[in-house]
Amino acid sequence: MAKKRPQTKAKRPQLTDGEIPVVGAREPCPCGSGRRYKACHGRAAAQAVTELVHRPFEGLPGECDWVALRELVPAATVELTLKDGLPEGVPSVTLATVLPMAWPALRREDGSVLLGLQNDTASGDISRDLADTLLRALEAQPGTPVQGRRAPADGPRLQDLLDPEGAFEPVVHSGFEFWVPDPENATAEVTASLERANAAAIPTARLHGVDAAYWCETPEKNHLRWVMPHPEEQLLDALARLHAAGRSSLGDGTRLVGSFRAHGLTVPVWDLPSGVGAQDVEKPAAEFAERLAEALAEDAPLTADERRARGGLTNRQVTLS
């Protein structure tokens, strides 16, 4: 009986970690180890995808407004300033709360870029996902949208791409006409889409006298939602001091009702009577900002009344992200 030759396996070319492509979790790892991707080089990628960055916009100009536009504002745009300047053929880069068809980004016919903010992201770092989308939009063909994907775990973040000294000045819109350069001459299909989106948008306005405070109108009552940069525990103590002293309102008929927690920041919320508009709370909000600064500077232990007020505020706190 003939002897069987011992079988030998051909050696696979060795790849560095940076050369190993992303594949399905249950597929063989491209490095040639013989193990599944999720048990080999996919471990680091999986960890990067699931690890949550609690303050993804920290370090960017206008961090509080980034949070507001991501979570609270229906229709708004902001002109972005890139650290290395605009590439040739790209006249502008604009952040938008929402884009048509929930596109992550759009390269317009004139070469300008729209970057959508209120989209589902594939990892726990919104900043990295948005940076990846932005880079691909800058290289996309004019007139094409950019689809979503999983960003490389070692890819740049917005903090790497945007000018840290650039202004961040949101413009709140009453509707989504900014989707198209010439809405008056848009097709019937586009016009119908705009009408549906506009009908669902809650009227919203940004206050001018204080940072990152947004008034909105709802059928039963109006609200002021104010994204604040202060450490959460310190802010809640300060709000509790003011609430216990009867100094937390924004005028007659208004009431501090609780707060959101979003992307590492706290967002106090006031109920306002239906007749109170954004202009009506400009002065009260500026006065409240002064009272809050005084309360934030206090470091004495909370009194019993202040602890009760704090407990009421935290019991009504909702986490958005």
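## The chain as a whole

The protein chain of this predicted model contains 8 helices and 12 strands. Of its 321 residues, 45% are buried, and the accessible surface of the chain comes to about 17,800 Å², with 50% of that area belonging to carbon and sulfur atoms.

Contacts within the chain can also be sorted by how far apart the partners lie in sequence. Among contacts between residues at least 6 apart in sequence, 61% join residues that are at least 24 apart.

## The second largest pocket

The second largest pocket has a volume of about 440 Å³, and its lining is made up of 19 residues. Those that lie nearest the centre of this pocket are Pro-100, Trp-103, Trp-179, Val-180 and Val-190. By residue class, the lining divides into 10 nonpolar, 3 polar and 6 charged residues.

Several elements of secondary structure contribute to this lining, and strand 3 (105-107), strand 5 (144-146) and helix 5 (188-200) each supply at least two of its residues. The largest share comes from helix 5, which provides 5 residues of the lining of the second largest pocket.

## Salt bridges around Arg-55

Side chains of opposite charge can pair when their charged atoms come close. In one of them, the side chain of Arg-55 meets that of Glu-58, with an N to O distance of 3.7 Å; in another, Arg-55 pairs with Glu-63, and the closest N and O atoms are 2.7 Å apart.

The residues concerned can also be described by their accessibility. Arg-55 has a relative accessibility of 28% and counts as partly exposed, and Glu-58, with a relative accessible area of 43%, is likewise partly exposed. Glu-63, by contrast, is buried, because its relative accessible area of 11% falls under the 20% cut-off for that class. Through salt bridges that share partners, Arg-55, Glu-58 and Glu-63 are joined into one network.

## A buried pair

A further salt bridge links Arg-128 with Asp-125, where the closest N and O atoms are 3.7 Å apart. Both of these residues, Arg-128 and Asp-125, are buried.

Notes. Residues numbered from 1 in each chain as written. Predicted model: local features only at pLDDT ≥ 70, side-chain atom pairs only at ≥ 80, totals over all residues. Heavy atoms only, no water. 1 Å grid on protein atoms, 1.4 Å probe; cavity = no way out; pocket = protein on both sides within 12 Å on 5 of 7 lines; lining within 4 Å. Points joined across faces, edges and corners; volume = space filled by probe spheres on them. Helix = DSSP H or I, 4+ residues; strand = E, 2+ residues; numbered from the N terminus. Nonpolar A, V, L, I, M, F, W, Y, C, P; charged D, E, K, R; others polar. Buried < 20%, exposed > 50% of the residue type's maximum accessible area, 1.4 Å probe, protein only. Contact = heavy atoms within 4.5 Å. Areas by Shrake-Rupley, 256 points an atom, 1.4 Å probe, with all protein chains shown as cover. Salt bridge = Lys/Arg side-chain N within 4 Å of Asp/Glu carboxyl O.
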